Amino acid sequence: MKPETRKNEIIIKAAALFKDKGYSAVTMRDLATALGIKAASLYNHIDSKQAILQDIILSIAEEFTAGMETILQDEGSSINRLNQIIQLHVTIASRNADGMAALNTDWMHLENKLDYYLSLRDTYENNFRNIIIDGIEQGEIKDENVEVILFSMLSTLRSLYLWIPKKEDLNIDQLSDSLSAILISGINT
């Protein structure tokens, strides 16, 4: 059990360093120093810096994918599904702001997992888009440009990792409700 705990500690510390300095600027020596261990010791727990980045980004992308699959199973309104998407983003960003930073800024460094990540992201965005389209067709959402609606919502949700760490008394449910009220009121019929 200890190696897994140490691996998680390494991943958490690496995510923070990637957020602060950027993936390309962080060395294994930087990570080892931040953890208070020798760089060679890192390799007892991880294969490479690339493997750490993959763990960080792909675990979050897969969490979003699983969340979206659950949302798609809901037979409720498109507005209800959009509320659930907002809740999903707030929940993930509040639990892992540093990881979200890597997902948003360092994904292009995934090397041999880039196609897999892009597939997950494209599928997620297409499902999000289809919920908006369905809402327009059902008369729940204003008949506005779908891409503008998607961009507006996603750009806000994707940047939560920048804002959430600054809030010491964050209430996830209140934030989700407030974001839903603001983001959805503009498109709700």
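I'll start with Tyr124, which counts as buried, because its relative accessibility is 8% and the cut-off for buried is under 20%. Keep in mind that this is a predicted model.

Next, Phe128. This residue is buried too, with a relative accessible area of 0%. Tyr124 and Phe128 are both in helix H7, which covers residues 114–137. They are four residues apart there, so about one helical turn separates them.

How are the two rings arranged? Tyr124 and Phe128 form an edge-to-face aromatic pair, with 85° between the planes and 6.4 Å from centre to centre.

How many aromatic pairs does the structure hold? There are four. Another of them is made by Phe18 and Tyr23. This pair is edge-to-face, and here the centres are 5.1 Å apart and the planes make an angle of 75°. Buried or exposed? Phe18 and Tyr23 are both buried.

Lys49 has its charged end over the Tyr23 ring, 4.3 Å from the ring centre.

The last item is another charge and ring. Which residue lies over the face of Trp107? That is Arg121, at 4.6 Å from the ring centre.

Terms used
Residues are numbered from 1 along each chain as its sequence is written. This is a predicted model: local features need pLDDT of at least 70, side-chain atom pairs count only at pLDDT 80 or more; totals for chains, interfaces and linings use all residues. Side-chain values use heavy atoms; hydrogens and water are left out. Rings of Phe, Tyr and Trp (its six-membered ring) pair if their centres lie within 6.5 Å; planes under 30 degrees apart count as stacked, over 60 as edge-to-face and the rest as tilted. Buried means under 20% relative accessible area, exposed over 50%, partly exposed in between (1.4 Å probe, protein chains only). Helices (H or I, at least four residues) and strands (E, at least two) are DSSP runs, numbered from the N terminus. A charge sits over a ring if NZ of Lys or CZ of Arg is within 6 Å of the ring centre and within 35 degrees of the ring normal.
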